[in-house]
Amino acid sequence: MEKNIKLTLLDNGIDYIYTAVKPMLKKTSQSKDSWKYSVLHLYAGIQLLLKERLKQEHWSLIFQKTEEATPEKLVTGDFSSVYYDELIKRLKKIIPNFNFNEEPIKNLKSLRNKIEHFEVNIALSECQYTVALALDEIIKFWESDLKVNSTVKQQQKFQKIKSIATEFKAYRKQRLDKFKKEIDSIETSESGLRVLCPDCSSLSFVVFKNDIKECQCFVCDKKYNKHDYLQKIRGFERDEDYDPICSACQKETRIKYLIKDGVTLYCCLKCLKYELIDLEFEENFRQLKWIDIITMQKHNYTIDEFYEIQLDKQRQMYLGKE
Ligand SMILES: [Zn+2]
Ligand SMILES: [Zn+2]
């Protein structure tokens, strides 16, 4: 018997988006061709998801000319479906406080038009960033407007899309750019500290000094209270032989949270004291340069104070690299 292709509007949309994020899987991310299709598929998928929301309101709304809508045409597909601009107009009418940023979708659309209709010359990184921004917007829309009426299978597939996205560099970058002001203000006011997210493993999980405040990841949106976060981290630790007790507050809340390029970062989830152990840096620090000695004398720093300042600079530089 011949197999049929049978997809609902929502299945079809999710499927397109899933195909669009595939180049984000590390092995294939280098291919320029795959990114071209990523743009086309993502735009198609976004349109379908937005149409699905209209359809949930009333099926006739997905017809460009609603006055010509009939159930028969809906079944046969013999009609022009609503164009993008009209689609957005209708969504604005039916969803109170429609919170959708059109800018990233417009940019994706213009890139898609260039690809489909004439020629395109764009840096791969710019293309990836455009895709990441639009993807973030449709993920937000899915969470707020579509997830609630979807099947478990659809939710699982969309979760997979989200997992692939949050592992991808350009996606992480646009999220951190989006929340830069917020993260900076938390860090400079020292009310919170950025540590590794147990879910998406990006350096974007903010733990607050205030124990009651819910901690959250600025990349994947995952939220944990501080106690659960600590439990999660302890669960990951295997044969770790470091002191879990914080030397400042004496609580068993010290964690080792990042090791990279010979640098180990520790922090205390209670008082937020952090330590950066960089063997190479320590070695260099012991050999103070004359300019360091002048700086120390000028500001009247003790060697410990000076070390702390240098360490802080080192840490900022290190975190900035992520
Ligand atoms: Zn995360
Ligand atoms: Zn502490």
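The zinc ion (ligand 2) is held by the SG atoms of C246, C249, C268 and C271, at 2.3 Å, where donors are N, O and S atoms within 2.8 Å of the metal (3.2 Å for Na, K and Ca), and water is not among the atoms, so sites may look incomplete. The model is a predicted one, in which local features need pLDDT of at least 70 and side-chain atom pairs count only at pLDDT 80 or more, while totals for chains, interfaces and linings use all residues. Residues are numbered from 1 along each chain as its sequence is written, chains are lettered from A and ligands numbered from 1 in the order in which they are written, and side-chain values use heavy atoms, with hydrogens and water left out.

**Zinc ion (ligand 2)**

- The four donor atoms subtend angles of 103 to 121° around the zinc ion (ligand 2), which makes the arrangement tetrahedral; four donors count as tetrahedral if all angles lie between 85 and 135 degrees.
- Along the chain, the donors of the zinc ion (ligand 2) are spaced as C-x2-C-x18-C-x2-C.
- Within this set, C246 in the loop between α10 and β5 and C268 in strand β6 (residues 263-268) link distant parts of the chain, 22 residues apart; helices (H or I, at least four residues) and strands (E, at least two) are DSSP runs, numbered from the N terminus.
- Both C246 and C268 are buried, where buried means under 20% relative accessible area, exposed over 50%, and partly exposed in between (1.4 Å probe, protein chains only).

**Zinc ion (ligand 1)**

- The zinc ion (ligand 1) is coordinated at 2.3 Å by the SG atoms of C197, C200, C217 and C220.
- The site of the zinc ion (ligand 1) is tetrahedral, with angles of 105 to 116° among its four donor atoms, and its donors follow the spacing C-x2-C-x16-C-x2-C along the chain.
- Because C197 lies in the loop between β1 (192-195) and β2 (205-208) and C217 lies in strand β3 (residues 215-217), the pair ties together parts that are 20 residues apart in sequence.
- C197 and C217 are both buried.

**Salt bridges**

- The structure holds 20 salt bridges, a salt bridge being a side-chain nitrogen of Lys or Arg within 4 Å of a carboxyl oxygen of Asp or Glu.
- D136 and K178 meet through their side chains in one such bridge, at 2.6 Å from N to O; since D136 lies in helix α6 (residues 124-146) and K178 in helix α8 (residues 169-178), the pair ties together parts that are 42 residues apart in sequence.
- D136 counts as buried at 4% relative accessibility, whereas K178 counts as partly exposed at 40%.
- D136 and K178 also belong, with R175 and D221, to a network of linked salt bridges.
- R53 forms a salt bridge with E57, their closest N and O atoms being 3.3 Å apart, and both residues lie in helix α2 (residues 32-57), four residues apart, about one turn of the helix.
- Of these two partners, R53 is buried at 12% relative accessibility, while E57 is partly exposed at 40%.
- The side chains of E143 and K147 form a salt bridge at 3.5 Å, N to O, with E143 partly exposed at 32% relative accessibility and K147 partly exposed at 30%.

**Helix packing**

- Two packed helices are described by the angle between their axes and the distance between the axes.
- Helix α4 (residues 84-94) and helix α5 (residues 102-117) pack at an angle of about 165°, with their axes 13 Å apart, which makes α4 roughly antiparallel to α5.
- In these values, axes are lines fitted to C-alpha atoms, for helices over the stretch in contact, and angles run from 0 to 180 degrees between N-to-C directions; angles under 35 degrees count as roughly parallel, over 145 as roughly antiparallel, 65 to 115 as roughly perpendicular and the rest as oblique.

**Individual residues**

- N97, in the loop between α4 and α5, has a positive phi of about 55° although it is not a glycine, and N97 is exposed, with a relative accessible area of 76%.
- Q250, in the loop between α10 (226-236) and β5 (254-260), has a positive phi of about 65° although it is not a glycine, and Q250 counts as exposed at 55% relative accessibility.
- V75 lies in helix α3 (residues 71-76) and is exposed, with a relative accessible area of 74%.

Conventions:
Tetrahedral: all angles 85-135°; square planar, octahedral: opposite > 155°, others 65-115°.
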